[in-house]
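Q: I have a fold on my screen and would like to learn how to read it feature by feature. Can we walk through it together, starting with the backbone?

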Amino acid sequence: MSAAMAMAGESAVATGDGRKERLLPSRRMSDTYDSHLQASTQGETSVRMLAFAGGMGLVACSLIVWTHWIARRRFSWLEMAVSTTSLAVGVCALVLESNLSFLETARVNVTTRARVLGQVRGRGSMYAAAGMLQCAMFDPLDLVVGLYTAAVGVYMIRVGQKASASLSTLKESITDEKALLEAFQANDRNGDGVLEVFEFDGLIYSLGIELDNDELEAAFSSIDTNGDKKIVYDEFRTWWKACTAEADIPVCA
C-alpha cells in the first residue's frame, strides 16, 4: 500500500513538473516585455543608426552655413533660425541615439528634463519637424538632409507607436481581465467560445508573444487538459496568469 502511494505521489509530482515546464519560461515573458519597452523608448539599433546619421547631417549643414557667412560676409535671419535649430536637434540626435558611455550623463539629463524625448515617437516628431525646416533653405544639400531626416522622423513615429501599443497590450493582458477577455473573443473567429490551435496562435501573437511550433504545441497541450484540441477562456486565463506571475514585469510602470 505504502509503495503504491509513493508511486502515485511521484507520478503527481512528475505531472506537476511537466505542467510547469509547459508554461512559458518567466525569462521569456520578461525578455518580451523588455524588448517592447526598449523598442518604445530607446528604439532598435538600426533605427537609432538612421537617426544618428540624420543628426550628423543636420550638424554638418549648420556648420556649412556658418562657414559661408564668414567666407561671403553675408548674413540671413532665415539661415540663422534654421541653422541654429538644426544644430540643436543634430546635437540632441548625436547624444540620444549613440551608445557612447561618456554621453550617458547627458542622455539622462536630456530625457529627464524633456521626457517626450525618452520615447522613440517623441524623438521622431522632433526629427521630422527639424527635417522639414531644413528644407526651407532650398539648397540641394539642405533638401537632401532635410528630406532624409524628416523621413527618418516619420518612420520613428510609426515604429514608436507600434511598440507602445504592443507594450500597452501586454500590460493590459496582465492587469485587465476585460482586455484579456476581449483579446480572446477577437481571436475566436467562429464565435463558438473556444479556441483551436490556429486561433490560439493568433491570440498569443496579439498579446505580443511569438512562439515557435514546438512552444505553441506544448503550450496548447498544457491548456487542453481533455485533449479535444479546444480551449475555453477560463483555461487560457489560468494558464496566462501562471505564465506572467513568474515573470519580472513592472506592470504599473
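Q: Is Lys229 buried or exposed?

A: Lys229 is exposed, because its relative accessible area is 56% and the cut-off for that class is over 50%.

Q: Which other residue has a positive phi although it is not a glycine?

A: Look at Phe138, with a phi of about 60 degrees. Phe138 is in the loop between H6 and H7. Phe138 counts as exposed too, because its relative accessibility is 67%.

Q: Before I go further, how do I read the confidence values?

A: The general idea is simple: where pLDDT is low, the predicted coordinates should not be read in detail. For this chain the mean pLDDT is 80, and 82% of the residues reach 70 or more.

Q: Where in the chain is confidence lowest, and where is it highest?

A: The lowest is helix H1 (residues 2-21), with a mean of 38, and the highest is helix H6 (residues 120-134), at 95. Over residues 1-22 the pLDDT is below 50, and this stretch has 9 contacts in the model beyond near neighbours in sequence.

Q: Next, salt bridges. What's the idea there?

A: Side chains of opposite charge can pair when their charged atoms come close. In this model the count comes to 5 salt bridges. One of them joins Arg123 to Glu97, with the closest N and O atoms 2.7 Å apart. That pair links distant parts of the chain: Arg123 is in helix H6, while Glu97 is in the loop between helix H4 (77-96) and helix H5 (104-113), 26 residues apart.

Q: Are Arg123 and Glu97 buried or exposed?

A: Both Arg123 and Glu97 are buried. They also belong to a network of salt bridges that links Arg48, Glu97 and Arg123.

Q: How should I think about the nonpolar interior?

A: In soluble globular proteins, nonpolar side chains tend to be buried together. Here the largest nonpolar core has 21 residues, and Phe200, Ile204, Phe236, Trp239 and Trp240 touch the most other members. Helix H8 (177-187), helix H9 (197-206), helix H10 (213-223) and H11 each supply at least two residues of this core. H11 gives the largest share, 5 residues.

Q: What does Ile204 touch beyond residues up to four places away in sequence?

A: Ile204 touches Ile209, Leu211, Phe236, Trp239 and Trp240. Apart from this core lies another, of 15 residues, among them Ala51, Cys61, Tyr127 and Met156.

Q: And nonpolar residues on the surface?

A: Leu50, Tyr148 and Tyr155 form a nonpolar patch there, with about 270 Å² of accessible area together. Tyr155 is in helix H7, and it is partly exposed because its relative accessible area is 43%.

Q: Is Asp142 buried or exposed?

A: Asp142 is buried, because its relative accessible area is 6% and the cut-off is under 20%. Asp142 is found in helix H7 (residues 140-175). Leaving aside neighbours within four places in sequence, Asp142 is in contact with Cys61, Gln134, Cys135 and Met137.

Conventions: Residues numbered from 1 in each chain as written. Heavy atoms only, no water. Helix = DSSP H or I, 4+ residues; strand = E, 2+ residues; numbered from the N terminus. Buried < 20%, exposed > 50% of the residue type's maximum accessible area, 1.4 Å probe, protein only. Contact = heavy atoms within 4.5 Å. Patch = residues over 30% accessible without salt bridge, like charges linked within 9 Å, V, L, I, M, F, W, Y side chains within 5 Å. Areas by Shrake-Rupley, 256 points an atom, 1.4 Å probe, with all protein chains shown as cover. Salt bridge = Lys/Arg side-chain N within 4 Å of Asp/Glu carboxyl O. pLDDT = per-residue confidence, 0-100. Core = buried A, V, L, I, M, F, W, Y, C linked by side-chain atoms within 4.5 Å.
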